[in-house]
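Have the sequence and the coordinates open as you read.

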Amino acid sequence: MRQGTAESYHVFVRSWYGPNGEPLPGRKTTLARRCTYAEARALCEEYRREHNPGRRSWKAEFERE
């Protein structure tokens, strides 16, 4: 990952539903830090291709650091 860019992004995974199906955002699990926008987007797309979201709707996301 490139470091020292003006904008960097934190890429993470979390669930969106609790064990009983109620809406409940879960704890964030970091996949990468200090990514460019393009890198963060590519990581999320790769995660989506390789992982089934399952019953709890696990998804990769990113946010500005």
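V11 sits in strand β1 (residues 9-14); helices (H or I, at least four residues) and strands (E, at least two) are DSSP runs, numbered from the N terminus. Numbering starts from 1 along each chain as its sequence is written. Since this is a predicted model, local features need pLDDT of at least 70 and side-chain atom pairs count only at pLDDT 80 or more, while totals for chains, interfaces and linings use all residues, and side-chain values use heavy atoms, with hydrogens and water left out.

V11 touches, among others, C35, A40, L43 and C44, not counting residues up to four places away in sequence (contact means heavy atoms within 4.5 Å). V11 and R41 are 30 residues apart in sequence, yet 8.6 Å apart in space, C-alpha to C-alpha.

Here is the burial (buried means under 20% relative accessible area, exposed over 50%, partly exposed in between; 1.4 Å probe, protein chains only):

| Residue | Relative accessibility | Class |
|---|---|---|
| V11 | 0% | buried |
| C35 | 0% | buried |
| C44 | 12% | buried |

So what about disulfides, meaning pairs of cysteine sulfur atoms within 2.5 Å? The count comes to zero. The sulfur of C35 is 8.9 Å from the closest cysteine sulfur, in C44, which is too far for a bond.

On to helix α1 (residues 37-50). A40, C44 and Y47 are buried there. They cover an arc of only 60° around the axis, so they're on the same side of α1; the arc is that of the directions from the helix axis to the C-beta atoms. The cover over the buried residues of α1 includes β1, β2 (29-35) and β3 (59-64). The face turned away from that buried side carries the exposed A38, R49 and E50.

Note on methods: A disulfide is a pair of cysteine sulfur atoms within 2.5 Å. The expected span of a helix is 1.5 Å times one less than its number of residues.
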